[in-house]
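Here is a friendly walk through a two-part model, meant to be read with the viewer open. Shall we take confidence to begin with, then the folds and the place where they meet?

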Amino acid sequence: MEKRSTKASSNDPKHKHDPDDEDFYLNNDDDEYDDDEDDDNDYDDYMDDTDDLEYTSSNASKYDPTPSVEIFTSQNSTVTPNSSYASTSLKNLSQSTTNQPDLSKSLTKRNIELDEEFKYEVLSPDKIVQYMTECIADVNSVLELTPTITRTLLHHFKWDKEKLMERFYDGDQDRLFREAHIVSPFRPNTYKRTTSSQSTRSSRLKEFCCEICFMQYTEDNMSGLECGHKFCKPCWREYLTTKIMDEGMGQTISCAAHKCDILVDDTSVMTLLQDPIVKIKYQHLITNSFVECNRLMRWCPAPNCSNAIKAQYFDAQPVKCDCGHVFCFSCGELWHDPVKCKWLKKWIKKCDDDSETSNWIAANTKECPKCQVTIEKNGGCNHMICKNQACRSEFCWVCLGPWEPHGSSWYNCNRFNEDDAKKARDAQEKSRHALQRYLHYCNRYMNHHQSLKLEQKLTASIREKMEEMQQHNMSWIEVQFLRKAVEVLCQCRQTLMYTYAFAFYLKRNNHSIIFEDNQADLEIAVEKLSGYLEREITSDNAVETKQKVQDKYRYCEQRRKVLLDHVHEGYDKDYWEYQEDL
Amino acid sequence: MAQRLQKELANFMRDPIPGMSLDRNLVEGNLNVWVINVDGAPNTLYEGEIFKLQFKFPQRYPFDSPSVMFIGNKIPEHPHIYSNGHICLSILTDEWSPALSVQSVCLSIVSMLSSCKAKSRPPDDERYVQTCRDPSDPKKTRWFFHDDSV
């Protein structure tokens, strides 16, 4: 009994061994992805090595939304000096890179100084199912129920084993089952009565009437759950399909009978359903709820990736999916050291919504000192006459004081220090300052963000330069420093980008000044490195350039580490104070 | 679906609910729209009144719920029935089950009318009637149920 897994693949052995079905299960996007890959490989076959470049970029463009990560994996397999690689399929290639172990290692290391302490696993869709089955078996070894009931119970407790155990042994079990919408396996008789009366009534006919389609069926064509409500199999199928495909329900589908809240278990669903597409969708919904309910799991947010990360404990740590995407386990954003999830979330929200519009209004307009209507001055002299017909007050745009005392000095306001005028100016000054401050950080953040987006382009142009240099006087291995330089550049940009989100909320103190110095230093070094990579590499002064670039990227790497270490030290020693109200 | 509706129709004719009868003129030829004449039951607030109840069956009936409303110029005055004929009844949306039928819906509506103690419109009648998404289809509205005493 315990061998009977709750997943379809084991309920339906054919399904398990049918490769098409398995592909389906990965979800449709994946399928597409596979197709693309095949196409590319075919395409690749026609190409000789000089066209290699084009292939890589076309392949990489699929990953547009996360270019920074994916491109390296594709490069990994395609940028090779020998044409012998060009015709091999992508899959074989990734294996064949073992010929150059050092390179492939350094390439996949992108962006991660993963904390050795933080243990996690990347689970493919199949593994997720397997893990879910293991969780169930684990609990079941104690509870000794059927896997299907255990799974429903676990889902009810958001896959918190301890909580389930506690409730199971401490509380009212009947209530527990009722709350989880399961027929208690210990009291099966309460529900069976309905069936028995039904069967005696129609046993004469040896046929049952399905209450949904009103057709007569023999007993083996009828099906139902523990609650005893029976319907014909085609109606069940239709009912489940509607719930799964139209309403996106998985774990929470209840019996088709009116007012019956008993949940349909996965075994029944998989036996009743026939259409593989619906089955796959159902399994997807089940695994999805498993991953999303589980605090120690998170889907990889990269597009087209269907892996999930399983961690030992919950923490804000970088995790790297097998697809190459590196992200924060806690919030799912790109790995954003040094800023913390909480502040990053706030920052992203601030950048996304148009709360800044009101800041702009505050900074660029003034209010009529009498009727408070908002005015934007777009020309003319300082003698303002409010357009509001009910107000018509006259005032000075510069000092916001009444116009009268200004007399004949039409264009100059020398009444700068009048009290109320000063107050109005101060308020103005403050919001203007806030806007300036925000724009300062936002511009720099966006600038790096934009540059990271252009990474693909840079990689392509660098690759060209590498080939060019190889044609002159350098060997393949000698030009690899350029790739490393791009990697460091992107890594630094990503770090810098998030330092601005960090700095925006930071209160000024001695440590924040040190931090800003570190930031400025790294910023300058990164821009220099970027400049080298964009302009100064020619084949003429290759040796000299190489030295310069290598020095610079090593310096960047080092400065980046210094900056991050300082911030981390600050977290440990409470250097940082925040401006909560921004 | 056609078969189920045929049988429902036959059942409805064979086992009519007291006070309810099918408006024959409207059923001819089109099984997807039924109009049922509802006579206000004796000894209730609606005694002597006659209403018309319309059922529209969607393509996926009974897996999808029918759209049910009162039509015509007489709409029962009831705290759960809006003046445009829409009925606030959970089994018509959230709690719909394919095991329910025209008969079970009719029974619910009859009991809803019979148990009414005082004639009134829902508190938000005016606002709802003006703003509901589609006056001809109550299913376009997202219903929230809060009172099951009537």
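Predicted model: local features only at pLDDT ≥ 70, side-chain atom pairs only at ≥ 80, totals over all residues.

**Confidence and overview**

Residues are numbered from 1 along each chain as its sequence is written, and chains are lettered from A and ligands numbered from 1 in the order in which they are written.

- The average pLDDT of chain A is 75, and 71% of its residues score at least 70.
- Over residues 1-112 of chain A, pLDDT stays under 50. For that stretch the model has 132 contacts beyond four places in sequence, where a contact means two residues whose C-beta atoms, placed from the backbone, lie within 7 Å.
- Residues 191-205 of chain A also stay under 50 in pLDDT, and the model has 12 contacts beyond four places in sequence for them.

**Chain A as a whole**

- Chain A contains 24 helices and 13 strands. These elements are DSSP runs numbered from the N terminus: helices are H or I with at least four residues, and strands are E with at least two.
- Of the 582 residues in chain A, 30% are buried. A residue is buried if 20 or more other C-beta atoms lie within 10 Å of its own, exposed if 12 or fewer, and partly exposed in between, with C-beta atoms placed from the backbone.
- If you take the contacts in chain A with a separation of 6 or more, 58% come from residues 24 or more positions apart.

**A sheet and a helix in chain A**

- Three strands of chain A make an open sheet in the order E1-E7-E6, with antiparallel pairing; two strands pair if DSSP finds at least two bridges between them.
- Strand E1 (120-123) and strand E6 (297-299) of chain A are at the edges with a single partner strand each, so one side of each has no neighbour in the sheet.
- From one strand to the next, the twist averages 20 degrees. Axes here are lines fitted to C-alpha atoms, for helices over the stretch in contact, and angles run from 0 to 180 degrees between N-to-C directions.
- E1(A) pairs with strand E7 (residues 308-311) of chain A over 4 bridges in the antiparallel sense, and A:Val122 has A:Ile309 in E7(A) as its bridge partner.
- Helix H22 (residues 480-504) of chain A has 25 residues and reaches 37 Å from its first C-alpha to its last, close to the 36 Å expected at 1.5 Å a residue. The expected span is 1.5 Å times one less than the number of residues.
- Is H22(A) enclosed or open? The rest of the structure largely encloses H22(A), because 20 of its 25 residues are buried.

**Chain B**

- Chain B has 4 helices and 4 strands, which run α-β-α-β-β-β-α-α from the N terminus on.
- Among the 150 residues of chain B, 27% count as buried.
- An open sheet joins 4 strands of chain B in the order E1-E2-E3-E4, with antiparallel pairing.
- Strand E1 (20-22) and strand E4 (67-71) of chain B are the edge strands, and each pairs on one side only.
- The twist from one strand to the next averages 25 degrees.
- Strand E2 (residues 33-39) and strand E3 (residues 50-56) of chain B pair over 7 antiparallel bridges, with B:Trp34 opposite B:Phe55 in E3(B).
- E3(B) and E4(B) pair in the antiparallel sense over 5 bridges, and B:Lys52 has B:Ile71 in E4(B) as its bridge partner.
- E4(B) is mostly covered, as 4 of its 5 residues are buried.

**Where the chains meet**

- The contact involves 11 residues of chain A and 10 residues of chain B.
- On the side of chain A that touches chain B there are 7 nonpolar, 2 polar and 2 charged residues. Ala, Val, Leu, Ile, Met, Phe, Trp, Tyr, Cys and Pro count as nonpolar, Asp, Glu, Lys and Arg as charged, and the others, Gly among them, as polar.
- A:Cys235 lies in helix H15 (residues 233-246) of chain A and is buried, with 25 other C-beta atoms within 10 Å.
- Not counting residues up to four places away in sequence, A:Cys235 touches A:Cys210, A:Ile212, A:Cys213 and B:Pro98.

Definitions and conventions:
pLDDT = per-residue confidence, 0-100.
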